[in-house]
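Q: I'd like to learn how to read a fold from its coordinates. Can you walk me through one?

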Amino acid sequence: MVAQLAVELILMRELAGKLAMPVFVVDPDGGLLFYNEPAEELLGTRFDETGALPMGDWSVQFTPTDEQGRPLAAESLPLVQVVRSHRAAHGQFWIRGMDGAQRFLEVTAFPLLGQGEVFLGAAALFWEVARR
């Protein structure tokens, strides 16, 4: 049986599908619900190919690393921080997309709240930053 999503998460997914900026949407447990077409370009794979993933999978699948190439703990990723704290977070890090390309990303993540300030999940906007 598939859990029913809150209307706010459905609307966030619809909005993300219309935006030109990369967007990643997760449920209250951090499970991946959706990422849009601009995000597919940076992540190196289509959402249709990955589908929904638990936080423990997506947080390492795109191989986030620091400036020295050391793997980052999931807890240091802005979207994971939001799931844990229910507060906005921002950060920069490298990823290796599923296409093998390395990209330096800047990420701003924020909580998605329902009626009565109930935490429904989170979304992240991100973009590639040119590095010299």
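Here is a short walk from the overall fold to one helix.

Q: Where do I begin, and which elements are there in the protein?
A: Begin with the element list. This is a predicted model, and the protein has 5 helices and 5 strands. Read from the N terminus, their order is α-β-β-α-α-α-α-β-β-β.

Q: What radius of gyration would a compact globule of 132 residues have, and what does the protein have?
A: The rule for a compact globule of 132 residues gives a value near 14 Å, and the protein comes out at 14 Å, so the two agree. Along the principal axes, the C-alpha trace spans about 45 × 30 × 25 Å.

Q: How much of the protein is buried?
A: Counting residues under 20% relative accessible area as buried, you get 46% of the 132 residues. Of the contacts with a separation of 6 or more, 44% join residues 24 or more positions apart. The accessible surface is about 7400 Å², with 54% of that on carbon and sulfur atoms.

Q: And how many charged side chains are positive or negative?
A: There are 10 positive and 17 negative ones, and the centres of the two sets sit 6 Å apart.

Notes:
Residues are numbered from 1 along each chain as its sequence is written. This is a predicted model: local features need pLDDT of at least 70, side-chain atom pairs count only at pLDDT 80 or more; totals for chains, interfaces and linings use all residues. Side-chain values use heavy atoms; hydrogens and water are left out. Helices (H or I, at least four residues) and strands (E, at least two) are DSSP runs, numbered from the N terminus. The radius of gyration is taken over C-alpha atoms; the globule rule is 2.2 Å times the number of residues to the power 0.38. Buried means under 20% relative accessible area, exposed over 50%, partly exposed in between (1.4 Å probe, protein chains only). Contact means heavy atoms within 4.5 Å. Accessible areas come from the Shrake-Rupley method with a 1.4 Å probe; for residues, only the protein chains shown count as cover. Lys and Arg count as positive and Asp and Glu as negative; His and the chain ends are not counted. The place of a charge is taken as NZ of Lys, CZ of Arg, CG of Asp or CD of Glu.
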